[in-house]
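Please look over the structure shown here. A short report on its helices and its confidence follows.

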Amino acid sequence: MNEKSKLIYKLIIEAKIILESPLRIASGEYDYLTDIVILKDAENRPYIPATSLAGVLRSELKKLGVNDTLLFGDSKDNDHQSLLAIDDVLLKNYQMVIRDGVKISSVLNTAIKGAKFDYELVDKGANGTLVMELTLRACHESKKTEILQNIDAVIKLLTDGVQVGSLTTKGFGKLKAQSIECYEFDFINDNSNAAGDWLKYIKNDQENWNNIKRRKLDSSKPRPAHDNFVMKLSCRLQNALLVRDYNTEDDKLKNTKDGEQNQSKDDKLDNAEDGKMNKSETTLVAKQLMSGDEYVIPGTSVKGVLRHRAEYILNTLMRPKDDAAKKKINDKLNVMMGYSTEQESRKSNLIVQEVYIKANPKENSLIRQARVKIDRFTGGVLEGPFFEKTLWEHLNESGPETAPKHKTETVVFNITIENRDKQRNIDSEIGLLLLLMKDIWLGNVAFGGGKNIGRGFMQGISCEIDDRGEKIVFENDSKGISIKEGDKSNLQYYVDCLVGELK
């Protein structure tokens with residue numbers, strides 16, 4: 001046997017992971033029910049393929065400036081295969097949901113015909129076990145310390161959370177390790193019983209696993225300074241919010257054979273006091289999207305609203321009069337927001353996260369709102385009554401009208417401009433994001449449906465910014481927006497960069 005191939009060390013990493021946002025890894029199949037179906041095993045259980053995990057971890061190591069080929073190998077001649085073997089992660093305690101997507105016309109502000117689709121997701125909260133196996137041979141002994149440092153970096157990534165699958169720039173696929181165990185087998189250390197411990201492990205003799213040596217984890221090391229612009233914008237609802245849930249029976253009108261509408265018990269209301277309204281005449285047609293006990297504003301909705309508003313801001317600032325000016329605006333949007341065509345695609349530099357609003361009876365609740373359709377000619381009721389379940393925030397009565405009624409962070413937007421190319425200047429993109437933040441803060445932008453009847457508008461409470469390591473914080477108080485003069489000048493600089501670039 002070649003001495004260089006002698007086995008000297010093994011490390012088994014078992015991470016208990018949980019999904020913190022929906023996961024979409026498409027199977028490429030079509031089932032006539034949805035346009036995009038989740039990848040599942042032979043028993044119809046969703047899983048995360050090892051190839052996806054390996055690709056994400058390798059990419060994240062590159063961003064940290066770590067030599068990724070040391071762990072994951074290279075395809076070049078005379079190089080080595082991956083030292084880290086990764087298993088598929090079979091998900092448990094999962095819930096499959098259906099979400100819909102639609103493309104909105106930036107001119108008419110309505111859905112584009114034929115651009116409506118839906119897709120299957122694994123909802124947040126699913127969990128599983130990620131198992132990775134590091135194998136070192138005698139030829140790797142000189143680089144053992146560096147390899148183990150890279151393993152520490154991988155463990156740190158899993159502890160902080162990574163994103164896998166598609167739509168990651170819209171907040172999907174975030175998974176995080178809740179706990180990690182590292183079983184260490186050092187076969188050249190005379191003081192260890194590595195061979196006996198290895199036999200216990202491969203025989204799955206869990207009763208004696210407590211005696212197996214564990215490698216101490218050093219996840220306290222902070223990540224190196226980044227080149228990203230990170231914003232946490234905290235708001236409250238000004239009024240109702242309705243992001244329609246197409247995944248609940250409440251929203252599906254069931255037709256009987258004779259064409260009459262049937263509803264579930266939850267969809268039928270008690271008779272009106274005058275006796276004219278009976279249960280069969282009332283229908284719940286829309287309900288706020290939820291995940292478990294949390295209300296949701298999907299990352300896709302957040303990203304769509306931001307792109308649409310960014311286009312409006314750029315057109316307002318530039319007032320394009322020819323095709324060249326329109327192309328400049330389109331190019332700016334494509335670089336920041338990403339795009340995809342049949343010929344090419346570009347990943348978005350703007351990353352948003354799903355917005356989860358904790359259900360709290362003291363602060364918010366779903367309220368039935370009755371609506372009817374009026375005949376324009378007679379002024380009478382044409383259809384209805386029908387009902388919508390919308391989310392309303394409860395406010396305290398104290399406080400001046402210009403200030404938020406309470407400090408509760410009801411709605412929190414987490415937005416990042418990622419600078420993948422260190423040589424690229426992102427100052428103008430930061431300026432555009434700041435203008436978007438201002439419009440959300442002042443209630444000029446709505447999320448969800450029904451904005452023409454006042455739904456989905458926010459009021460800013462506070463904003464925390466991490467500008468490539470520099471912290472900026474401002475908030476709304478009884479005197480208005482509180483911000484340091486130096487910070488105000490720094491933020492204005494980015495807006496000036498945007499305006500200057502558009503000239």
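How are α6 and α7 oriented to each other? They are roughly perpendicular.

## Helices α6 and α7

This is a predicted model. In it, the axes of α6 (residues 323-337) and α7 (residues 427-441) come within 11 Å. They cross at roughly 90°. An angle of 65 to 115 degrees counts as roughly perpendicular, so α6 and α7 are classed that way.

From α6, the contact draws on Lys-332, Val-335 and Met-336. From α7, Ser-428, Glu-429, Leu-432 and Leu-433 take part. By class, the residues of this contact are 4 nonpolar, 1 polar and 2 charged.

## Asn-334

Asn-334 also belongs to α6. Its relative accessible area is 13%. Buried means under 20%, so Asn-334 is buried. Leaving aside residues up to four places away in sequence, Asn-334 touches Arg-307, Tyr-339 and Arg-346.

## Helix α3

Helix α3 covers residues 144-160.

α3 is mostly covered, with 12 of its 17 residues buried. The buried set includes Ile-147, Leu-148, Ile-151, Val-154 and Ile-155. Gly-161 follows α3 and has a positive phi, near 110°.

## Helices α1 and α3

α3 also packs against another helix, α1 (residues 50-63). Their axes come within 10 Å and cross at roughly 110°. That angle makes α1 roughly perpendicular to α3.

α1 contributes Leu-57, Glu-60 and Leu-61. These meet Asn-150, Ala-153, Val-154, Leu-157 and Leu-158 of α3. The contact has 6 nonpolar, 1 polar and 1 charged residues.

## Confidence

The protein averages a pLDDT of 81. At least 70 is reached by 83% of the residues. Strand β4 (residues 89-90) has the highest confidence, at 96. Strand β11 (residues 254-255) has the lowest, at a mean of 36.

Residues 250-281 stay under 50. The model has 53 contacts for them beyond four places in sequence. Residues 396-407 are also below 50, with 25 contacts beyond near neighbours in sequence. Where pLDDT is low, predicted coordinates should not be read in detail.

Definitions and conventions:
Residues are numbered from 1 along each chain as its sequence is written. This is a predicted model: local features need pLDDT of at least 70, side-chain atom pairs count only at pLDDT 80 or more; totals for chains, interfaces and linings use all residues. Side-chain values use heavy atoms; hydrogens and water are left out. Helices (H or I, at least four residues) and strands (E, at least two) are DSSP runs, numbered from the N terminus. Buried means under 20% relative accessible area, exposed over 50%, partly exposed in between (1.4 Å probe, protein chains only). Contact means heavy atoms within 4.5 Å. Axes are lines fitted to C-alpha atoms, for helices over the stretch in contact, and angles run from 0 to 180 degrees between N-to-C directions. Angles under 35 degrees count as roughly parallel, over 145 as roughly antiparallel, 65 to 115 as roughly perpendicular and the rest as oblique. Ala, Val, Leu, Ile, Met, Phe, Trp, Tyr, Cys and Pro count as nonpolar, Asp, Glu, Lys and Arg as charged, and the others, Gly among them, as polar. The expected span of a helix is 1.5 Å times one less than its number of residues. pLDDT is the predictor's confidence in each residue, from 0 to 100.
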